[in-house]
Amino acid sequence: MALISLKNIGKIYVSEGVVAVGIRGVNLDFDRGEFVAITGKSGSGKSTLLNVISGMDSYEEGELFIEGEPTSHYAQADWEEYRKRYISFIFQDYNIVESFTVLQNVELALMHIDNPKERRQRALALIRRVGLESHIHHKGSHLSGGQKQRTVIARALAKDSPVLLADEPTGNLDSQTSKEIIALLREISREKLVIIVTHNFEQVAEYATRHVRVYDGSVEADERLAPPSPVQKSALTASERAGKDGFFATLRKGFTLGRVRFTAKPKLAFFLCLLMCISTIAATLVTALSGEMTEPISNTPIFSHRDGRLIVTPTGRGSLSAEELARLKETTGAVDSIRYDGLLDATNYLWFEDTRTGCPFIFDYDEGTKPDVGRAPQAPNEVMLSLPIGYRDLLGKESIRYRHLSDILNTYIGMDLEVVGVSYFYDNTKDSRMIFTREGFDLYSRLQMCRDHMNFYLQDDVMRQDDVSLYVVTDFPENSIGVFYANTYCTDRAAVPDTLRGLFSGGRDFYYEIVETPDTDQGTLEDPTLLDLSQCQYVYDISETLLETIQKFYYSCTLLVSPDLLMKITDSPTIGDGYTQTSFFYDNDQTAEKQIDLFRKAGYQAVMSDAVMKRDSSEVLLAGIAFLMTGFFWVASMLFIAFFLNLCSNKAMLASAGDIAIMRSMGISQRVIRVSVFVQTLLALLPAYLTAAAVFLAIYLIPSTNLIFRFLHFGEYFLIALGVFLISLRMAGHYVKRMFRVSVKKTLKGETVQ
Ligand code: ADP
Ligand code: MG
């Protein structure tokens with residue numbers, strides 16, 4: 001049985017509607033030990049014949065048998081396998097991977113050797129044999145034609161396959177080099193089948209055992225010149241012994257190849273790396289700008305959660321009395337409580353006018369946090385700020401800045417606060433905090449509640465509410481606990497609700513008499529108590545800055561109260577008949593949860609602070625749409641990044657199509673090549689990730705840049721990395737597919753891969 005047998009083989013080319021005959025009706029048998037010379041005019045079909053034999057080109061007619069097995073049903077993978085096991089191909093224009101060194105080119109054919117050391121030894125021995133030892137580490141692009149062809153021969157030697165095909169191997173070489181190359185071929189060809197296509201029969205006449213002449217696609221003459229070399233049948237070549245690659249062999253080969261390819265083209269590697277770095281950074285920015293991804297569907301919490309916080313309110317009435325609070329605290333074993341805790345759930349916004357920056361912050365009490373500048377708060381009117389590190393450069397360490405901050409705060413807060421310290425943090429996904437002492441927090445909480453439930457009215461304009469604001473001043477002189485300050489805007493009299501009558505009529509505590517005038521022609525107020533503003537003048541000399549602030553921001557009247565008076569007001573049973581809530585604190589959430597039943601049985605409403613809002617169906621729908629839109633935006637930007645990556649790397653990646661075709665001609669499988677392209681991509685991706693991470697880390701750690709953008713949560717970074725990773729892999733896979741769509745032969749001929 002012949003090694004390779006062609007039965008009536010025909011191959012036609014159709015391009016642009018024109019049909020050209022490559023070969024037709026070819027019947028040839030080839031065996032080991034033969035050294036066949038094929039000659040014929042240009043265009044007679046020699047190359048076509050060789051390409052069909054090598055499996056690099058398909059045939060339309062007849063049947064090609066390999067050791068008796070028909071091949072017309074072969075798929076691409078079968079041809080790959082066939083090339084891997086049987087074929088070494090030597091082209092006229094020396095197809096070596098130009099970016100690889102001589103050594104790497106030869107090692108390419110030795111991938112079946114697992115041990116890298118052994119592989120290197122073999123390659124070096126073969127390179128020595130073709131006389132290239134002085135060029136081992138030279139890149140292919142730096143070699144002369146003869147040296148390239150020697151490299152190809154070393155590669156063919158390395159592969160040690162039973163069939164050696166050479167298409168005008170010396171066509172571009174001078175006669176001296178040609179002679180040497182042919183002699184080398186002869187030397188390695190014993191026990192193999194060698195088929196050489198040549199213009200110059202004389203060159204090979206000395207060795208040829210057979211001469212096939214081709215004319216116009218058909219075999220014109222087939223002449224035996226000498227008996228074939230004797231072949232020991234048992235001697236299997238290395239290629240023949242190589243089995244089909246398993247999963248791990250594919251991975252290993254792909255990894256080796258990918259690594260070599262990555263380092264062989266440092267410019268391409270750098271370019272890919274840069275692209276991926278830009279993509280990663282762009283994706284991160286997009287995500288940072290598009291807000292929290294899951295925000296639209298995540299349930300909205302009603303309260304700000306703290307471990308062990310339980311929120312309690314009496315059913316059907318305003319607020320817990322002081323005694324009630326003490327009793328409940330004891331019976332349920334609470335470790336702490338805040339009677340008016342609305343402040344825990346409030347957020348505010350701090351705007352730095354002169355720097356045009358601002359930040360939302362939450363209120364807190366915390367005796368543990370150490371300030372970076374200044375000291376921790378000690379008195380009720382002292383606070384410490386906990387801000388992102390970016391503000392450090394804005395605020396500096398000067399106390400003058402603090403005073404300035406205090407002013408800003410006071411206009412918002414309504415308390416003569418003093419900022420005594422600032423602590424900074426790096427993670428700007430966290431909230432900024434204004435930290436009171438526990439006592440100060442309680443006080444301000446009460447003030448907040450009080451403001452929500454009390455309205456004062458000016459008689460001139462009874463319909464206007466909130467015209468009198470409440471303001472807590474901590475350093476009233478002894479015996480005085482409040483002052484009603486009216487500015488010029490306020491002309492005559494002001495009305496206060498009935499509920500406050502008891503507090504205001506004491507007289508001694510106040511600098512004003514409250515004049516009761518039951519009849520008011522406005523008719524909208526029920527029995528208001530009117531303050532006579534005609535004698536209104538400020539008796540207590542409150543600080544100039546405070547007055548300025550008040551005048552600037554509250555255009556009408558201000559009731560200044562001492563902390564004591566505020567306590568009295570908020571403790572009075574008539575105050576707070578609106579909704580107020582109280583927080584009880586337990587060791588942890590589990591302990592807190594156990595108290596809920598106890599409270600409910602005693603007639604209170606009780607709910608954990610991690611309770612979330614229940615959504616009705618329309619809200620669910622809206623949330624769903626919002627989520628889809630966010631997701632769509634994110635995916636769209638990812639697609640844009642993919643497009644960008646694709647656009648930039650297209651040429652660069654496809655430029656290596658020729659290299660890949662060479663590897664394919666050697667029988668390196670698509671799977672191995674795909675893995676190698678993945679590895680190449682990953683090798684570019686890793687430094688890209690590291691660089692992007694370093695950039696963000698630097699922005700994070702450098703205070704003046706920390707506020708540039710909102711940092712993401714770990715999961716989001718992971719998602720981005722995964723996104724870029726998948727896009728890259730998808731693209732790499734796509735390239736491989738495209739390159740394999742064009743046949744090896746066409747690619748090597750320089751046909752572009754689209
Ligand atoms: P040779 O190698 O003997 O010079 P070829 O095998 O390259 O000849 O070509 C044989 C015939 O097939 C020629 O007529 C050539 O024009 C035609 N041919 C070869 N390759 C193609 C192709 N890719 N498309 C169209 N015609 C082709
Ligand atoms: Mg040709």
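Biologist: Where does Glu 206 lie?
Modeller: In the loop between α7 (201-205) and β9 (210-215). Helices (H or I, at least four residues) and strands (E, at least two) are DSSP runs, numbered from the N terminus. This is a predicted model: local features need pLDDT of at least 70, side-chain atom pairs count only at pLDDT 80 or more, and totals for chains, interfaces and linings use all residues. Residues are numbered from 1 along each chain as its sequence is written, and side-chain values use heavy atoms, without hydrogens or water.

Biologist: Why does Glu 206 count as exposed?
Modeller: Exposed means over 50% relative accessible area, buried under 20%, partly exposed in between (1.4 Å probe, protein chains only). Glu 206 has 65% relative accessibility, so it counts as exposed.

Biologist: Why is Ile 12 called partly exposed?
Modeller: Its relative accessibility is 38%, so Ile 12 falls in the in-between class. Ile 12 is found in strand β1.

Biologist: What makes the nonpolar surface patch?
Modeller: Ile 12, Val 14, Val 19 and Val 21, with about 330 Å². Nonpolar side chains are joined within 5 Å. β1 (4-15) and β2 (18-30) each supply at least two residues.

Biologist: Which residues are in contact with Phe 30, leaving aside neighbours within four places in sequence?
Modeller: Among them are Ile 4, Leu 6, Ile 53 and Arg 210. Contact means heavy atoms within 4.5 Å.

Conventions
Chains lettered and ligands numbered in written order. Patch = residues over 30% accessible without salt bridge, like charges linked within 9 Å, V, L, I, M, F, W, Y side chains within 5 Å. Areas by Shrake-Rupley, 256 points an atom, 1.4 Å probe, with all protein chains shown as cover. Salt bridge = Lys/Arg side-chain N within 4 Å of Asp/Glu carboxyl O.
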